[in-house]
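Hello,

Here is the structure I said I would pass on. My notes on it follow below.

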Amino acid sequence: MTKKKAHKPGSATIAMNKRARHEYIIEDEFEAGLALQGWEVKSMRAGKANITDSYVTFRDGEAFLFGATIQPLNVASSHIVCDPTRTRKLLLNKRELETLFGKVSRDGYTVVALSMYWKNAWSKVKIGLAKGKKEHDKRDDIKDREWKVDKARIMKHANR
């Protein structure tokens with residue numbers, strides 16, 4: 001019997017979209033698989049993925065990740081043309097697709113990629129159902145974050 005390796009939390013993350021939480025109010029999150037080519041998997045294992053400007057589009061009842069960049073490795077096979085910004089199909093079940101498509105078409109939501117990570121041997125994307133923030137909402141969030149830091153600093157010095 002072989003033992004499983006001890007898994008470090010957070011080490012499976014490939015790419016994060018920190019700007020999405022700043023620009024949008026995330027209402028709901030879904031986990032989706034990615035349909036990838038071989039060279040993309042190798043590049044993602046090397047950490048060459050970026051999902052900062054990516055979002056989800058719907059076509060023919062399917063969801064696609066648009067705007068994600070996976071840079072090809074120099075040592076990758078040369079018989080395949082590597083397109084770093086190609087549109088990649090998301091693998092969701094029918095109920096999730098219908099929920100997302102309904103919210104986007106009726107209620108004016110946007111679906112953005114939040115993070116890309118490994119789950120066992122499979123690459124997954126966490127997508128969020130989001131509404132855009134107004135400028136004053138962003139300022140309020142920054143103010144709250146700064147207050148938490150200041151409060152922690154005050155509490156640390158008060159306990160001495």
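**Fold and overall shape**

Read from the N terminus, the order of elements in the chain is β-α-β-α-β-β-β-β-β-α-β-β-α. That makes four helices and nine strands, where helices (H or I, at least four residues) and strands (E, at least two) are DSSP runs numbered from the N terminus. The chain is more spread out than a compact globule, because its radius of gyration is 19 Å, well over the 15 Å that the globule rule gives for 160 residues. The radius is taken over C-alpha atoms, and the rule is 2.2 Å times the number of residues to the power 0.38. The C-alpha trace spans about 65 × 50 × 35 Å along its principal axes.

This is a predicted model, in which local features need pLDDT of at least 70 and side-chain atom pairs count only at pLDDT 80 or more, while totals for chains, interfaces and linings use all residues. Residues are numbered from 1 along each chain as its sequence is written, and side-chain values use heavy atoms, with hydrogens and water left out.

**Burial and contacts**

Of the 160 residues, 30% count as buried, meaning under 20% relative accessible area (1.4 Å probe, protein chains only). Among contacts (heavy atoms within 4.5 Å) with a separation of 6 or more, 68% are between residues 24 or more positions apart.

**Ala-20**

Ala-20 lies in helix H1 (residues 18-23) and counts as buried because its relative accessibility is 4%. Leaving aside residues up to four places away in sequence, Ala-20 touches Ile-26, Val-112, Ala-113 and Leu-114. Val-104 is 84 residues from Ala-20 in sequence and 17 Å from it in space, C-alpha to C-alpha.

Regards

Definitions and conventions. Buried < 20%, exposed > 50% of the residue type's maximum accessible area, 1.4 Å probe, protein only.
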